[in-house]
Amino acid sequence: MKKTLKLKKNYEFKRVLTKGKYYSGKYIEVFFKEQKDKTMNYIGIAIGVKIAKAVKRNRIKRIISENYRLMEQQLKTGYNIVFLWKKKVDIKNATFSNIQQDMINIFKRIGIL
């Protein structure tokens, strides 16, 4: 089982957020940008501090990364992807199936699923 590669540096996030393309779903927003390395995808997950306390933010991050891990084999490679939680959406709606359906719809619109 391969490990999901993550964006960690601030400049990596900024590059994707400023120069990447944007797609919005019901619960999450996705920014993505093609990269030079076509063999793998890198993901980043960002949730604002004002949305919830640390425990709930980390729970959402775990749900998003697990959904991505399950879909990773079906996705095209060569992208940097950043997931953002929508500020207007309540944290109580952060169920595994809601986020999974949202990610499937967004990836289909992007054309990488």
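Let's start in helix α2, where Glu66 and Arg69 sit three residues apart, about one turn of the helix. Helices here are DSSP runs of H or I, at least four residues, and strands are runs of E, at least two, numbered from the N terminus. This is a predicted model, with local features needing pLDDT of at least 70, side-chain atom pairs counting only at pLDDT 80 or more, and totals for chains, interfaces and linings using all residues. Residues are numbered from 1 along each chain as its sequence is written, and side-chain values use heavy atoms, without hydrogens or water.

Back to the pair. Glu66 and Arg69 form a salt bridge, with the closest N and O atoms 2.7 Å apart. The term means a side-chain nitrogen of Lys or Arg within 4 Å of a carboxyl oxygen of Asp or Glu. Glu66 is partly exposed at 29% relative accessible area. Arg69 is partly exposed too, at 32%. The cut-offs: buried is under 20%, exposed is over 50%, partly exposed is in between, with a 1.4 Å probe and protein chains only.

How many salt bridges are there by this rule? Two. Lys38 and Glu34 make one, at 2.9 Å, N to O. Lys38 is partly exposed, at 46%.

Now the inside. The largest nonpolar core has 27 residues. Such a core is a set of buried Ala, Val, Leu, Ile, Met, Phe, Trp, Tyr and Cys residues joined through side-chain atoms within 4.5 Å. Ile28, Tyr68 and Trp85 are among those with the most contacts inside it. A second, separate core of six residues includes Leu7, Val16, Phe31 and Val82.
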